[in-house]
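Please look through the model below before reading on. The dialogue that follows takes up a few of its features in turn.

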Amino acid sequence: MIERERRREDHGRGNGAPHESAATPPHPVLGQYYTRAADRQSFVGALFDGAARHYNRIGKMLDFGSGPWYRRDALRRAGLRPGMRLLDVAAGTGLVARGAADILREPGGVIGVDPSRGMLQEARKALSGPLVQGRAEALPFRNDRFDMLSMGFALRHVADLEVAFREYWRVLKPGGRILLLEVVRPSSSVSRWLVRTHFQRILPLMARISTRSEPAQLLMKFYWDTIDQCVPPEAILEALRRTGFVAVDRHAFYGLINEYVAAKPPR
Ligand SMILES: C[S@@+](CC[C@H](N)C(=O)[O-])C[C@H]1O[C@@H](n2cnc3c(N)ncnc32)[C@H](O)[C@@H]1O
């Protein structure tokens, strides 16, 4: 069953979370897709709902099938162990949550949350644990509940980094850890041109041939534009520190994926 978003019990402050901090949208308004910041979430929601059926197939075109293995390995390296309880934010079709369930060896140990009903319906085909409809910026869970929180390739889709990070702080137990995975924006203009061409021309063509789905093609184009326009890694690290997280760090996995880790201080 997919639960609908419930009211949060509390917000940010009230369980020792630091004070309000500056707003950091992960990228500016992308006028070729939507015209006002207020329209971003409905655009993103419709895009993922429309492409959900094809998401795993498109993912394999991107990572040649290494995605599930990589996600599981990243969770293990970040400290996920049997007996913990993990919240996977932006669970999508459940690729991170499945990796977590393998490590935890207990389907109920991982809870997936995502605003897209279509993506959660796909996740349900492969996951028996709890799936909840909700957004990173307003998590429908009580304070101090999880040992660890993950978010795979979705930081670019939240309205504001600090709002989401304050929610992560709130739902984590003291000492709880986070792992955020994001695609690296290549630093040289030549590699950027190559990756852009891959995302904006080759992958949409492959997606058109193999899925015949317009949202699947659009997803690839949007994917690159959000990577290209995303705030730099330092801004993400700084937003985590401003929220009050400690042991904030970034590891670049073969120069392709940034793994951001941080911890809520023990009480
Ligand atoms: C690229 S998919 C990533 C799915 C999965 N984490 C993975 O590793 O494959 C991005 C997901 O972010 C979700 N999303 C979009 N806006 C969100 C928000 N405000 N809060 C949480 N998730 C969001 C989308 O519905 C989509 O499922």
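Q: How many residues of the shell around the ligand are nonpolar, polar and charged?

A: The shell around the ligand divides into 13 nonpolar, 4 polar and 3 charged residues, where Ala, Val, Leu, Ile, Met, Phe, Trp, Tyr, Cys and Pro count as nonpolar, Asp, Glu, Lys and Arg as charged, and the others, Gly among them, as polar. Keep in mind that this is a predicted model, in which local features need pLDDT of at least 70, side-chain atom pairs count only at pLDDT 80 or more, and totals for chains, interfaces and linings use all residues. Residues are numbered from 1 along each chain as its sequence is written.

Q: Which residues come nearest to the ligand?

A: A residue is near a molecule if its C-beta atom, placed from the backbone, lies within 6 Å of it. Of the 20 residues around the ligand, Ala90, Gly92, Ser116, Gly152 and Ala154 come nearest. Helix H1 (40–51) and helix H4 (95–104) each supply at least two residues of the shell; helices here are DSSP runs (H or I, at least four residues) and strands are too (E, at least two), numbered from the N terminus.

Q: How are two packed helices described?

A: They are described by the angle between their axes and the distance between the axes. Axes are lines fitted to C-alpha atoms, for helices over the stretch in contact, and angles run from 0 to 180 degrees between N-to-C directions. The axes of H1 and helix H8 (residues 214–229) come within 8 Å and cross at roughly 130 degrees, which makes H1 oblique to H8. Angles under 35 degrees count as roughly parallel, over 145 as roughly antiparallel, 65 to 115 as roughly perpendicular and the rest as oblique.

Q: Which residues of H1 and H8 meet?

A: Two residues are in contact if their C-beta atoms, placed from the backbone, lie within 7 Å. Leu47, Gly50 and Ala51 in H1 meet Pro215, Ala216, Leu218, Leu219 and Phe222 in H8, and the residues of this contact divide into 7 nonpolar, 1 polar and no charged.

Q: Are H7 and H8 roughly parallel or roughly antiparallel to each other?

A: The axes of helix H7 (residues 189–211) and H8 come within 7 Å and cross at roughly 165 degrees, and the two helices are therefore roughly antiparallel. Among the residues that meet are Phe199 and Leu203 in H7, with Met220 and Trp224 among their counterparts in H8. The residues of the contact of H7 with H8 divide into 8 nonpolar, 3 polar and 4 charged.
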